[in-house]
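I opened a new page in my notebook for this structure.

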Amino acid sequence: MTTAVLSCVGLTGGHGSITVFRDLDLEVSSGRVFSLLGPNGAGKTTLLLTLAGLLPRQAGRVAVDGVELHSGQARAANRAGLVLVPDDRALFTTLTTEQNLQIARRSDGPSARDLLDVFPALEKRWKVPAGDLSGGEQQMLAMARALIQQPKVVLIDEPSQGLAPLVVESLFTAVRRVADDLGTAVLLVEQHVELALDVADDAAVLQRGRVVLQAAADEVRDRYEELEQAYLGGTGPFAEPEP
């Protein structure tokens with residue numbers, strides 16, 4: 001039996017007085033990948049920003065390893081072991097790959113080069129400014145920068161966005177390794193439904209700010225009609241998202 005590392009109860013949030021999602025109950029366990037699916041505008045990114053403390057929550061509780069996090073306190077969430085990989089990657093573009101990792105490294109954490117075990121492609125780009133990396137390399141670096149902080153939970157927002165299929169496949173292999181080899185809990189927001197379900201242990205579908213389907217990833221895949229109705233409005237669950 002696995003124990004939840006990240007837990008949310010009755011979580012409601014949004015932007016200012018505007019509520020984007022409401023009454024969410026989610027649990028993510030150590031060594032497991034939880035894929036959060038849903039159409040654009042469902043509230044997925046806002047949820048990640050709220051969990052990371054970058055937006056204050058309107059109601060509900062968030063806890064890491066049973067310790068409740070204070071609302072809207074990003075540094076405290078980070079110290080508790082929760083790290084966000086944002087959809088814009090937020091790299092220091094004038095600094096090299098190595099320097100981006102060194103800045104994020106904790107004094108008692110792994111060395112920057114230890115991350116090459118998960119992302120070997122970064123070795124040949126070690127002294128290259130992050131702004132000169134390809135989109136896939138930047139995404140690898142953003143994920144490596146999160147992992148060097150030794151998080152208990154890593155939140156990853158749209159890692160496949162704008163990337164070629166072969167690069168995406170490599171990234172999702174790395175996501176699975178993060179859970180399997182490092183024992184990290186992963187909450188993944190992703191528009192590519194098939195890829196997200198392939199890599200996940202558990203999944204939920206968010207629609208108009210509410211969870212309308214939540215189960216083991218294989219079960220979500222099997223519940224074709226529910227997924228189709230809740231997520232894609234009849235176009236089929238494995239269709240490519242609109243650009």
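I began with Gln 150, which is partly exposed, with a relative accessible area of 47%. For this term I noted the cut-offs: buried means under 20% relative accessible area, exposed means over 50%, and partly exposed lies in between, with a 1.4 Å probe and protein chains only. Gln 150 sits in the loop between H4 and strand E7 (153–157), where helices (H or I, at least four residues) and strands (E, at least two) are DSSP runs, numbered from the N terminus. I also looked up its backbone and found that phi of Gln 150 is near 55 degrees, a positive value in a residue other than glycine.

Before going on I wrote down what I am looking at: this is a predicted model, in which local features need pLDDT of at least 70 and side-chain atom pairs count only at pLDDT 80 or more, while totals for chains, interfaces and linings use all residues. Residues are numbered from 1 along each chain as its sequence is written, and side-chain values use heavy atoms, with hydrogens and water left out.

**Other positive phi values**

Glu 158 is another residue other than glycine with a positive phi, here near 50 degrees. Glu 158 lies in the loop between E7 and H5 and is buried, with a relative accessible area of 10%.

**Helix H1**

Is H1 mostly covered or mostly uncovered? Helix H1 spans residues 44–51 and is mostly covered, since six of its eight residues are buried. I listed the buried ones as Lys 44, Thr 46, Leu 47, Leu 48, Thr 50 and Leu 51.

**Residues of strand E4**

Arg 57 belongs to strand E4 (residues 57–64) and is buried, at a relative accessible area of 15%. Setting aside neighbours within four places in sequence, I found Arg 57 in contact with Leu 11, Thr 12, Thr 50, Val 62, Glu 68, Leu 69, His 70 and Ser 71, where contact means heavy atoms within 4.5 Å. Thr 50 in that list is also one of the buried residues of H1. From C-alpha to C-alpha, Arg 57 and Gly 14 are 7.2 Å apart in space, although 43 residues apart in sequence.

Ala 63 is found in strand E4 as well, and at 12% relative accessibility Ala 63 counts as buried. Beyond neighbours within four places in sequence, Ala 63 is in contact with Val 5, Leu 6, Ser 7, Glu 68 and Leu 69.

**Thr 184**

Which residues does Thr 184 contact, leaving aside its neighbours within four places in sequence? They are Ser 30, Gly 31, Arg 32, Pro 151, Lys 152, Val 153, Val 154, Val 178 and Ala 179. Thr 184 is in the loop between helix H5 (165–182) and strand E8 (185–189), and is buried with a relative accessible area of 5%.

**Packed helices**

I looked next at helix H3 (residues 97–104) and helix H4 (residues 135–147), which pack at an angle of about 25 degrees, with their axes 8 Å apart; axes are lines fitted to C-alpha atoms, for helices over the stretch in contact, and angles run from 0 to 180 degrees between N-to-C directions. That makes H3 roughly parallel to H4, because angles under 35 degrees count as roughly parallel. The contact is made by Thr 97, Asn 100, Leu 101 and Ala 104 of H3 and Leu 141, Ala 144 and Arg 145 of H4.

Ile 103 is in helix H3 too, and at 52% relative accessibility Ile 103 counts as exposed.

For H4 and H5, the axes come within 10 Å and cross at roughly 10 degrees, which makes H4 roughly parallel to H5. On the H4 side the contact is made by Gly 136, Gln 139, Met 140, Met 143 and Leu 147, and on the H5 side by Val 167, Ser 170, Leu 171, Val 175, Val 178 and Leu 182. My last entry is that Val 178 of H5 is also one of the contacts of Thr 184.

Methods
Parallel < 35°, antiparallel > 145°, perpendicular 65-115°, else oblique.
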